[in-house]
Amino acid sequence: MSTNDPTSTSVFTSATVRASLPLALRFAVYTLLVAALSVMLPDIVRHHGVEFFYENGSLEWFQFGLLTTNILLFTLSALCLPKHRQLALLLGCVTAFAATREVDRVLNRLLPVVGWKIGGVFLVVAAWLLVRHHRTLLPQIAAFLRTPAFAVLWAGFMVAVPLAQLVGHGPFFRLFMDEEHVRNIKRVFEESGEFCGYLILLFGTIESILHFATAQEEVH
């Protein structure tokens, strides 16, 4: 049988395109959501003022809500997709630690001695999962690193942590801006960057769960 059969090639190409459409559509939606929020930013500042971006402000609680949604999604996937239960729990624990950091001021007030460091419990649980289930987790992590889902999660992390912290760093703005403007501008940049990063993390969480579900179906 000839491997250069144009009919076979056409069928294969059509099948590949159809299989790729859901992924392309999801990423189109993700892109539109980020673009829409970027366009809305000037109106948000105009109507709510810079206080919208302050500690314990509306945007910070939106960020906490995004992280909490990720935690719930990972928890549900751990319950419903047992093949990847440990990996889902591991990702959920890391996200839970990030959520505690996001509401550090509230936790420092409610828990004067420990404060936001209570979130370290989630890192301890994550470490325990790695040690206890390393034979299952390490191959799953190695496979997960090669998926689009991990790439999206990593992109969200890079935007929310190093990039947002860089552009929200006071000394960085003082290089080219008067001191009186630094405080508010850096706050807007930092919180906007974190929100965008957390939103991308939500997209990555959705992609991760879809990857887990697909892998579960392949086993059966």
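**Entry 1: the overall picture**

I noted at the start that this is a predicted model. I listed the secondary structure and found nine helices and zero strands in the protein. Read from the N terminus, the order is α-α-α-α-α-α-α-α-α. I then looked at burial: of the 220 residues, 35% count as buried. For the accessible surface I got about 13,300 Å², and 70% of that belongs to carbon and sulfur atoms. I also looked at contacts with a separation of 6 or more, and residues 24 or more positions apart account for 72% of them.

**Entry 2: the largest nonpolar core**

Next I asked which residues have the most contacts inside the largest nonpolar core. They are Leu 66, Leu 87, Leu 91, Phe 144, Tyr 198 and Phe 212, in a core of 36 residues. Seven helices are named as giving at least two residues each: H1 (6-48), H2 (58-80), H3 (85-102), H5 (120-132), H6 (134-144), H7 (148-167) and H9 (179-219). H9 gives the most, with 10 residues. I jotted a general reminder beside this: in soluble globular proteins, nonpolar side chains tend to be buried together.

Leu 87 sits in helix H3. Is Leu 87 buried or exposed? I wrote down buried, because its relative accessibility is 2% and the cut-off for buried is under 20%. Leaving out residues up to four places away in sequence, Leu 87 touches Leu 137, Gln 140, Ile 141, Phe 144 and Phe 212.

How far apart are Leu 87 and Phe 212 in sequence and in space? They are 125 residues apart in sequence, yet their C-alpha atoms are 9.4 Å apart.

**Entry 3: Thr 100**

I moved along to Thr 100, which also belongs to helix H3. Thr 100 has a relative accessible area of 10%, so I put it down as buried. Which residues is Thr 100 in contact with, beyond its neighbours within four places in sequence? I found Leu 107, Trp 116, Gly 119 and Phe 122.

**Entry 4: the largest pocket**

Then I turned to open space. The largest pocket holds about 940 Å³. I counted 33 lining residues, with Val 94, Ala 98, Phe 157, Val 161 and Leu 201 nearest the centre. H2, H3, H6, H7 and H9 give two or more residues each to this lining, and H3 gives the most, with nine. By class I have 20 nonpolar, four polar and nine charged residues.

**Entry 5: the second largest pocket**

I finished with the second largest pocket, at about 310 Å³. Its lining has 13 residues, and Leu 37, Leu 41, Ile 44, Leu 59 and Phe 195 lie nearest its centre. H1, H2 and H9 supply at least two residues each; H1 gives the most, with six. How do the lining residues of this second largest pocket divide by class? I wrote 11 nonpolar, two polar and no charged.

How values were computed
Residues numbered from 1 in each chain as written. Predicted model: local features only at pLDDT ≥ 70, side-chain atom pairs only at ≥ 80, totals over all residues. Heavy atoms only, no water. Core = buried A, V, L, I, M, F, W, Y, C linked by side-chain atoms within 4.5 Å. Buried < 20%, exposed > 50% of the residue type's maximum accessible area, 1.4 Å probe, protein only. Helix = DSSP H or I, 4+ residues; strand = E, 2+ residues; numbered from the N terminus. Contact = heavy atoms within 4.5 Å. Areas by Shrake-Rupley, 256 points an atom, 1.4 Å probe, with all protein chains shown as cover. 1 Å grid on protein atoms, 1.4 Å probe; cavity = no way out; pocket = protein on both sides within 12 Å on 5 of 7 lines; lining within 4 Å. Points joined across faces, edges and corners; volume = space filled by probe spheres on them. Nonpolar A, V, L, I, M, F, W, Y, C, P; charged D, E, K, R; others polar.
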